[in-house]
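Reader: Hi! I'm new to this one, could you walk me through it?
Author: Happy to, let's bring it up and begin with the ligand.

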Amino acid sequence: MQSRYFTINDHPQGTPARELFELHETELPALSNGEVRVRNTWLSVDPYMRGRMSGVTTYIDPFELNAPLEGAAVGEIIESLDPAFPVGTKVRHMAGWRDIAQLPGNQLEPLPYFDVPDQAYLGVLGMPGMTAWTGLNRIAEMQQGDNVLVSGAAGAVGSLAVQLAKAKGGNVVGIAGSQEKLDWLESKGVKAVSYKDKNAAQLTEALNEVCPEGFDVYYENVGGICLEAALNSLKVGARIAVCGMIARYNEDTPSAGPSNIAMILIRRARMQGFIVFDHWAHYPQFIETIGPQVASGEIDYEETIEEGLERTPDAFLKLFEGANRGKMLVKL
Ligand SMILES: NC(=O)c1ccc[n+]([C@@H]2O[C@H](COP(=O)([O-])OP(=O)(O)OC[C@H]3O[C@@H](n4cnc5c(N)ncnc54)[C@H](OP(=O)(O)O)[C@@H]3O)[C@@H](O)[C@H]2O)c1
């Protein structure tokens with residue numbers, strides 16, 4: 001059986017070019033005992049993959065050049081030499097960026113069984129959803145009545161973070177980059193602020209207009225002027241959950257940190273980075289809480305879908321253009 005997969009041929013500096021990605025086809029070896037073949041139906045592309053392309057070990061190993069790229073995927077087992085995973089089982093695993101995956105059964109998770117489409121387990125009920133829940137509850141320790149600011153607020157992580165913060169009784173403000181995203185946020189009862197065409201002082205002013213008393217919690221997805229404006233807008237004792245800083249991921253020379261970092265001291269704030277995988281032991285608690293709310297429609301989720309394996313790099317690159325609302329996915 002043939003498998004088609006993507007590789008990268010270099011460690012990019014700055015914004016990756018489309019030519020970085022190469023599509024290959026290979027004949028898969030015979031299945032060994034304990035292995036399965038999965039026909040992937042949905043692939044996830046995520047901002048953290050940019051870090052893995054840089055050739056540097058961070059909290060995770062870099063992608064190897066000219067080797068199949070990895071990422072979350074869901075699919076259906078089409079051949080199996082693992083009795084725990086019979087043919088027809090729907091699974092989630094990390095052998096994405098390809099159409100047919102061959103891997104040991106011990107690297108698979110069966111899909112949980114809420115009444116949601118399979119691809120929800122890559123977004124709202126997958127790693128991004130778990131990240132939103134972890135950052136808000138376990139890192140920022142958000143409390144009822146808190147003023148909560150979320151950057152990247154209409155993306156995969158941000159769109160759940162704002163809804164969870166609303167549901168917990170927060171007064172929630174979201175920063176996003178397009179009118180469509182701002183409208184979606186407003187439809188969820190979130191005060192929406194654009195960061196486009198603003199400097200940090202102008203964004204600070206816009207935040208001050210919608211929330212003059214300042215923020216108890218800042219859920220950080222972006223960095224750059226969003227962080228600088230947020231630091232200007234903290235209440236005393238604020239908590240900042242540093243989830244990501246996507247504005248920096250394509251920088252070819254590192255920019256200086258925010259000039260007003262002393263606001264952490266002045267506001268006696270706590271700023272803590274986190275990586276969701278360190279909190280994965282809490283995934284069962286997350287899915288048992290949030291799964292039914294997604295299935296019932298109480299929690300909404302958006303998807304932006306590219307069709308066909310060939311479009312996977314395009315879907316990935318679009319994350320850095322703000323082209324996605326909610327989770328960016330590839331449908332095979
Ligand atoms: N700590 C963890 O364990 C963990 C886990 C998952 C994700 N993350 C982080 O969480 C953040 C969100 O991830 P996601 O998967 O939910 O992605 P996402 O928000 O669905 O997609 C990326 C969004 O970021 C915004 N963006 C892109 N480039 C930007 C720039 N230069 N300046 C400002 N905004 C920019 C765009 O929205 P606009 O149109 O609003 O600009 C874009 O749609 C990322 O920083 C990611 O690295 C961290």
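Author: By class, the shell around the ligand has 18 nonpolar, 11 polar and 2 charged residues. Here Ala, Val, Leu, Ile, Met, Phe, Trp, Tyr, Cys and Pro count as nonpolar, Asp, Glu, Lys and Arg as charged, and the others, Gly among them, as polar. Keep in mind that this is a predicted model: local features need pLDDT of at least 70, side-chain atom pairs count only at pLDDT 80 or more, and totals for chains, interfaces and linings use all residues. Residues are numbered from 1 along each chain as its sequence is written.

Reader: Thanks! Which of the 31 residues around the ligand come nearest?
Author: Those are Gly155, Ala156, Gly177, Gly244 and Gly322. A residue is near a molecule or strand if its C-beta atom, placed from the backbone, lies within 6 Å of it.

Reader: And which helix gives the most to the shell around the ligand?
Author: Helix H3 does, with 3 residues. Both H2 and H3 (156-167) supply at least two residues each. Helices (H or I, at least four residues) and strands (E, at least two) are DSSP runs, numbered from the N terminus.

Reader: How is the chain divided into domains?
Author: There is domain 1 (2-123 + 301-331) and domain 2 (127-277), with bounds that come from an automatic or database domain assignment. The shell around the ligand draws at least three residues from each of them.

Reader: How far apart do the C-alpha centres of the two domains lie?
Author: They lie 29 Å apart. Across the boundary, 17 residues of domain 1 are in contact with 18 residues of domain 2, where contact has C-beta atoms, placed from the backbone, within 7 Å. The side of domain 1 that touches domain 2 has 5 nonpolar, 8 polar and 4 charged residues.

Reader: Switching topic, what order do the strands have in the open sheet?
Author: The 6 strands run S10-S9-S8-S11-S12-S13, with parallel pairing. Two strands pair if DSSP finds at least two bridges between them. At the edges are S10 (191-194) and S13 (270-273), each pairing on one side only. From one strand to the next, the twist averages 15°.

Reader: Over how many bridges do S12 and S13 pair?
Author: Strand S12 (residues 234-242) pairs with S13 over 4 bridges, in the parallel sense. Valine 242 stands opposite glycine 273 in S13.

Reader: Which strands does helix H2 touch where it packs on the sheet?
Author: Helix H2 (residues 127-139) touches S11 (215-220), S12 and S13, and its direction makes about 140° with that of S12. Axes are lines fitted to C-alpha atoms, for helices over the stretch in contact, and angles run from 0 to 180 degrees between N-to-C directions. Helix H6 (residues 224-232) also packs on the sheet, touching S8 (147-150), S9 (171-176), S11 and S12, with its direction at about 170° to that of S11.

Reader: Why is H6 described as largely enclosed by the rest of the structure?
Author: Because 7 of its 9 residues are buried. A residue is buried if 20 or more other C-beta atoms lie within 10 Å of its own, exposed if 12 or fewer, and partly exposed in between, with C-beta atoms placed from the backbone. The buried residues of H6 include Ile225, Leu227 and Glu228, and the buried residues of the helix pack against S8, S9, H5 (200-210), S11, S12 and H7 (263-266).

Reader: What about asparagine 232, buried or partly exposed?
Author: Asparagine 232, found in H6, is partly exposed, because 19 other C-beta atoms lie within 10 Å. Leaving aside its neighbours within four places in sequence, asparagine 232 is in contact with Thr204, Asn260 and Met263.

Reader: Where is valine 45 found?
Author: Valine 45 is in the loop between S3 (35-44) and H1 (48-52). Valine 45 counts as buried because it has 27 C-beta neighbours inside 10 Å. Beyond four places in sequence, valine 45 touches residues including Gly71, Phe316 and Val330.

Reader: Last one: what is the phi of tryptophan 97?
Author: Phi of tryptophan 97 is near 60°, a positive value in a residue other than glycine. Most residues other than glycine have a negative phi. Tryptophan 97 sits in the loop between S5 (90-93) and S6 (100-104), and counts as buried with 29 C-beta neighbours inside 10 Å. Glutamate 141 also has a positive phi, of about 50°, and its place is in the loop between H2 and S8.

How values were computed. Two residues are in contact if their C-beta atoms, placed from the backbone, lie within 7 Å.
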